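User: I'd like to learn how to read a structure I've never seen before. Could you walk me through it, one feature at a time?

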Amino acid sequence: MKSTQATQEEYFSFLRSVSLLRDLPEEKLSKIVDCLEIDYFDKGEYIIREGEEGNTFFIIAKGEVCVTQTTEGCTEPREIKTLGVGDYFGEKALISEDVRSANIISTENDTQCLVVDRDNFNQMVGTYEELQAYLKEYVEELSRCDVRRNVK
Ligand code: WNU
């Protein structure tokens, strides 16, 4: 990410406030800031589509998104939760080496997401065992939720 010093510092302290990244070493966090992209989405815009390949991890910096999924016996994808500032998504496709398992749709204009690509995600998570274990467990729990929900 090319940006001013002030912006870099803003992102640094924002990322520090994200629970997942709370204990990440200083230099790791700075590295993430250096390679961040920022994406902007309007209301109704798809950030992630179920079934597509995905190579990115997202952290919401502004706005709100909803998570929807296609379930057995329903024609329309079903809304399963909403996520807001400081929440993240997109880790499952990266960790499970699978396609995207849900839709993520912006529910506000000017939703802003910090985007981390697969390489940087692996660097962030891979070298930090606790984080890796935590996410792996979370992703397994999501799969169990999917089964209970009768996801196709
Ligand atoms: C759910 N089932 C599935 C959420 C975000 C982060 C964490 C929950 Cl640690 P992806 C689609 C994304 C997926 C998840 C997110 O949607 N998601 C869920 C569920 O019940 N996915 N399959 N709830 S919000 C959420 C926990 O991030 O990652 O790359 O894309 O498959």
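This is a predicted model: local features need pLDDT of at least 70, side-chain atom pairs count only at pLDDT 80 or more; totals for chains, interfaces and linings use all residues.

User: How do I read the polar contacts here?

Analyst: A polar contact is a pair of N or O atoms within 3.5 Å. Take Arg100: one of its polar side-chain atoms lies 2.7 Å from an oxygen atom of the ligand. Asp146 has an N or O atom in its side chain that is 2.7 Å from a nitrogen atom of the ligand. With Ala93, the backbone takes part: an N or O atom there lies 3.0 Å from a ligand oxygen atom.

User: How much of the ligand's accessible area does the protein cover?

Analyst: On its own the ligand has 600 Å² of accessible area, and the protein covers 98% of that.

User: Now the strands. In what order do they come in the open sheet that holds β4 and β5?

Analyst: Strands count as paired if there are at least two bridges between them. Here, 4 strands make an open sheet in the order β2-β7-β4-β5, with antiparallel pairing. The edges are β2 (46–48) and β5 (78–83); each has a single partner strand, so one side of each has no neighbour in the sheet. From one strand to the next, the twist averages 30 degrees.

User: How many bridges join β4 to β7?

Analyst: There are 4 bridges between β4 (residues 65–69) and β7 (residues 103–106), and the two strands run antiparallel. To see one spot in the pairing, look at Val67, which stands opposite Ile104 in β7.

User: And where does β6 belong?

Analyst: Look at the open sheet of 4 strands with the order β1-β8-β3-β6, where the pairing is antiparallel. The edge strands there are β1 (37–41) and β6, each pairing on one side only. The partner of β6 is β3 (residues 56–62): 2 bridges join them, and they run antiparallel.

How values were computed: Residues are numbered from 1 along each chain as its sequence is written. Side-chain values use heavy atoms; hydrogens and water are left out. Axes are lines fitted to C-alpha atoms, for helices over the stretch in contact, and angles run from 0 to 180 degrees between N-to-C directions. A polar contact is a pair of N or O atoms within 3.5 Å; within protein, one must be able to donate a hydrogen and the other to accept it, and residues adjacent in sequence count only if both atoms are side-chain atoms. Accessible areas come from the Shrake-Rupley method with a 1.4 Å probe; for residues, only the protein chains shown count as cover.
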